[in-house]
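Q: Could we go through the charged pairs in this structure, and then look at one of its helices?

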Amino acid sequence: NMDDMIAKGRAHKASGEKAGGAKLTAADVIAIRSDPRPALDVSRDYGVTRENIYLIKKRRIWAHV
């Protein structure tokens, strides 16, 4: 089944805004990266964890933006 899925081009992984559970947009990510406030304050404004803010700023997630 996996080979068939790959052969038919159905093996893509949604990332960024296209991911079903995404809480952020590309514009949010750009704003987060330029926000000088502490990660905890930023995380509260965007409804994500402080760890996600760190990962966004270090480009470990949302690297395509």
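Predicted model: local features only at pLDDT ≥ 70, side-chain atom pairs only at ≥ 80, totals over all residues.

Q: How many salt bridges does the structure hold?
A: There are four salt bridges. The term refers to a side-chain nitrogen of Lys or Arg within 4 Å of a carboxyl oxygen of Asp or Glu.

Q: Why can such side chains pair?
A: Side chains of opposite charge can do so when their charged atoms come close.

Q: Which residues are linked in a network of salt bridges?
A: The network links Asp35, Arg37 and Asp45. Arg37 meets Asp35 at 2.9 Å, N to O. Arg37 also forms a salt bridge with Asp45, where the closest N and O atoms are 2.7 Å apart.

Q: Is Asp35 buried or exposed?
A: Asp35 is buried, as its relative accessible area is 13%. Buried means under 20% relative accessible area, exposed means over 50%, and partly exposed lies in between, using a 1.4 Å probe and protein chains only. Arg37 is partly exposed at 33%, whereas Asp45 is exposed at 52%.

Q: Where is Asp35 found?
A: Asp35 is in the loop between helix 2 (26-34) and helix 3 (39-46). Helices are DSSP runs of H or I with at least four residues, and strands are runs of E with at least two, numbered from the N terminus.

Q: What does Asp35 touch, not counting residues up to four places away in sequence?
A: Asp35 touches Val42 and Lys57 on that count. Contact here means heavy atoms within 4.5 Å.

Q: Turning to helix 3, which of its residues are buried?
A: Ala39, Val42 and Ser43 are the buried residues of helix 3. They lie on the same side of helix 3, because they cover an arc of only 100 degrees around the axis. That arc is taken from the directions from the helix axis to the C-beta atoms.

Q: What do the buried residues of helix 3 pack against?
A: They pack against helix 2 and helix 4 (50-57). On the other side of helix 3, Arg44 and Asp45 are exposed.

Q: And what follows helix 3?
A: Gly47 follows helix 3, and its phi is positive, near 70 degrees.

Definitions and conventions. Residues numbered from 1 in each chain as written. Heavy atoms only, no water.
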